[in-house]
Amino acid sequence: MQISLSKENRPIVVASLFVGVILIAGTAYTLSTTGTAPLLSVNYLLQQLQTGSFLGICAAGMMMVILLGHIDLSIPWTLTAAAMTATAVGGDLAIPTALGVGVCVGLLNGIGVAWLRIPSMIFTLGVDTVLRGLMVAQTGGFAPQDRATPVMLFLAKDRIFGIPAAILVWAAVSIVIATLLTRTGFGKSLYATGSREGAAYLSGIRTRWVIIGAFVISGVCAAIAGVLLTGYSAKAYQGMGNAFLLPAIAAVVLGGTHILGGKGRYVGTLVGVILIVLLNSVLSIMQMPEAGRQIIYGAVIIGMLLVYGRNQRVTS
Amino acid sequence: MKQSSTRSSDLKRWLSQNTGFAAALLLFAILFLTYNVLHPRGFSSAVAIQNANETVAIAFVAMAQTLPVLIGGLDLSVGAVMTLTNCVASELLTGSPLQILLGAVLTLLTGTLFGFMNGCIVVYGRIQPIIATLATGAVAIGLALLIRPKPGGNVDDDLSWALTNSVWDLADTYGFADGGEAWWLRPFADIPVPFLLVVVVAVIVWVPFRRSVTGRTVYAIGSAEGAAYMSGLPIQRAKITAFTLAGFLAACGGLYLAIQTSSGNADVQQAGAYTLNSIAAVVLGGTSLLGGTGGAIASLVGAMILRVISFYFRILDIDPLLQPLIEGLVLLTAVSFGAFRTLRVKNQLDLFR
């Protein structure tokens with residue numbers, strides 16, 4: 001039987017199949033070495049997804065920006081700045097503060113990219129450096145409070161009906177993003193602006209506001225991830241966001257979103273995040289040294305994209 | 001009279017075509033002269049040598065980044081390739097002069113081959129450069145960690161000394177030109193060797209490349225790939241060459257870093273920082289991230305601007321805690337000058353790509 005797949009869905013199906021392959025290969029390995037199959041236990045998978053939720057939320061925000069054909073390199077220090085400011089403020093205002101930081105950074109990025117027309121690659125990089133400078137200056141002279149608040153601890157570590165709260169937060173963010181993309185005018189404008197900004201502008205879309213909106217969402221997502229990560233590690237610290245930038249981009253692209261914008265489904269990003277999280281956990285079960293991990297990680301991205309991420313040949 | 005007027009119009013045309021580069025050059029000149037005036041031992045060979053040493057690696061990596069940017073892509077693996085070659089060099093640059101030479105050649109070959117692989121993935125795999133090099137960058141870091149799990153290395157001391165000091169020291173170490181006292185060496189004796197190395201590589205690699213058909217094709221691809229294809233230009237060859245040369249130049253940076261620090265260090269953070277700084281240097285030099293305009297010499301100036309800014313912290317009494325903030329603000333302000341373009345466009349649609 002011939003199964004026909006639309007071009008949009010192919011990456012999602014292939015990536016899902018690969019997630020299956022990772023699970024089977026990992027289980028075969030653990031069965032042959034220790035005779036157990038931890039990868040197939042629900043509890044273990046939930047635990048992995050719990051740690052994966054930080055990456056998942058970052059990737060959700062990153063996807064909005066990539067759909068526009070832009071990129072947000074300021075995620076690491078937006079995440080860190082939101083977390084550090086939130087813990088410094090503390091109390092009930094901590095989480096609103098974090099979100100506020102995310103909104104401000106997003107606005108700044110959006111203004112630089114949409115109005116000043118500076119390439120997002122370099123502007124968000126500059127914002128990232130400035131945020132790092134601010135955080136170094138803030139924490140250098142004295143030690144502000146860096147303990148996670150009880151709400152953060154609850155969101156990151158506790159379980160509701162057996163499901164980690166972090167996963168529920170990730171699910172909530174996912175639902176909001178998916179609804180935005182498929183059911184609202186903003187979502188349609190996002191795809192249109194990402195495909196061809198000039199055409200979108202001529203058809204009456206206020207593309208500048210769309211760009212700003214996408215960057216604000218990205219900033220807020222990074223801030224949410226910062227809040228959760230602070231709860232998970234019980235405190236905020238410098239450099240806590242460094243490990244999320246490149247995997248977030250990789251997850252979005254592995255999920256079939258085109259890096260030049262205009263194409264991609266949110267389900268793909270979800271599958272991409274799950275793929276990266278499971279790949280990491282299988283490699284750590286195998287006790288693969290860092291060198292091998294990096295090589296396999298790179299090879300998997302290239303391999304997957306060779307299967308479904310190839311461009312059209314330029315012929316005119 | 002007539003001749004001088006054509007010359008001034010030539011200059012005007014060059015300026016209007018290379019506004020970004022001219023501005024970068026001017027900015028660098030002002031920053032560097034002010035730095036030397038403020039420095040207690042300014043305009044001396046020792047200061048120049050120190051400055052040159054700290055600029056070489058980022059200068060090479062910035063030049064490497066330029067080529068993929070010119071074709072409208074981006075190479076996120078330059079920092080990683082530099083780290084990989086740095087680790088390779090830290091293993092090989094020791095023994096007899098012949099062995100050292102072979103080691104240096106092998107190091108450069110490693111980077112070149114890695115760049116060639118990037119090019120092949122981009123051209124034949126038809127994967128976007130930015131994401132392909134993101135992945136190969138991880139592979140390069142993995143290989144570097146494989147070669148050198150812990151920082152360290154074994155680099156010939158004479159070589160390390162000779163190449164990180166003045167021309168006189170180079171001649172003195174290897175005993176040519178009467179140990180540096182020959183009359184014909186006098187005018188050059190105080191020039192820092194690292195500076196010469198960058199200039200030599202730029203002149204024998206970049207300048208001929210830019211004039212070749214392949215080099216011109218690189219520019220054509222960045223301006224309009226479809227048009228370049230229809231004109232029968234060798235697109236695939238140009239793209240592969242651009243990435244290969246990027247690998248080679250990144251390897252020059254890695255090789256020099258090994259000579260300068262006498263060690264190799266497979267540091268993921270350092271690799272990432274070099275990659276991001278290389279993009280900043282390319283933009284500061286006036287090369288457009290959209291491709292088609294700019295050049296490696298411009299990125300060289302961009303890299304020097306980045307470095308001079310950090311030199312200022314040594315002579316000015318600035319709280320070290322504020323340094324990263326000031327660096328970031330300067331970078332952000334510098335790139336924001338590109339926004340003047342938006343004031344000049346007559347048609348709103350020209351703003352969109």
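Reader: Which residue forms a salt bridge with B:E91?
Author: In this predicted model, local features need pLDDT of at least 70, side-chain atom pairs count only at pLDDT 80 or more, and totals for chains, interfaces and linings use all residues. Residues are numbered from 1 along each chain as its sequence is written, chains are lettered from A and ligands numbered from 1 in the order in which they are written, and side-chain values use heavy atoms, leaving out hydrogens and water. A salt bridge here is a side-chain nitrogen of Lys or Arg within 4 Å of a carboxyl oxygen of Asp or Glu. With the closest N and O atoms 3.0 Å apart, the partner of B:E91 is B:R148.

Reader: Is B:R148 buried or exposed?
Author: Buried means under 20% relative accessible area, exposed over 50%, and partly exposed in between (1.4 Å probe, protein chains only). B:E91 falls in that middle class, because its relative accessible area is 40%. With a relative accessible area of 11%, B:R148 is buried.

Reader: How far apart in sequence are the parts that B:R314 and B:E54 tie together?
Author: Their side chains meet in a salt bridge (2.5 Å, N to O). B:R314 sits in helix α15 of chain B and B:E54 in helix α3 of chain B, so the pair ties together parts that, in sequence, are apart by 260 residues. (Helices are DSSP runs of H or I, at least four residues, and strands are runs of E, at least two, numbered from the N terminus.)

Reader: And in chain A, which residue does A:R117 meet in a salt bridge?
Author: A:R117 is in the loop between α4 and α5 of chain A, and its partner is in helix α9, 80 residues apart. Both members of the pair are buried. At 2.8 Å, N to O, the side chain of A:R117 meets that of A:E197.

Reader: How many salt bridges are there between chain A and chain B?
Author: The two chains do bury about 4,500 Å² between them, 75% of it on carbon and sulfur atoms. (Buried area is the accessible area, 1.4 Å probe, that two parts lose on being put together, summed over both.) For salt bridges between chain A and chain B, though, the count is zero.

Reader: Which element gives the most to the side of chain A that touches chain B?
Author: The contact (heavy atoms within 4.5 Å) takes 56 residues from chain A and 49 residues from chain B. Elements giving two or more residues to chain A's side include α9, α10 and α13. Giving the most, with 15 residues, is α5(A).

Reader: Which backbone oxygen does the side chain of B:T164 reach?
Author: B:T164 is in the loop between α7 and α8 of chain B, and counts as buried because its relative accessibility is 11%. Not counting residues up to four places away in sequence, B:T164 touches B:I49, B:N53, B:P194, B:Y256 and B:Q260. At 2.6 Å, its side chain reaches the backbone oxygen of B:S160.

Reader: How far apart in space are A:A243 and A:P76, C-alpha to C-alpha?
Author: A:A243 lies in the loop between α10 and α11 of chain A, and is exposed because its relative accessible area is 56%. A:A243 and A:P76 are 167 residues apart in sequence, while their C-alpha to C-alpha distance is 7.6 Å.

Technical notes. A polar contact is a pair of N or O atoms within 3.5 Å; within protein, one must be able to donate a hydrogen and the other to accept it, and residues adjacent in sequence count only if both atoms are side-chain atoms.
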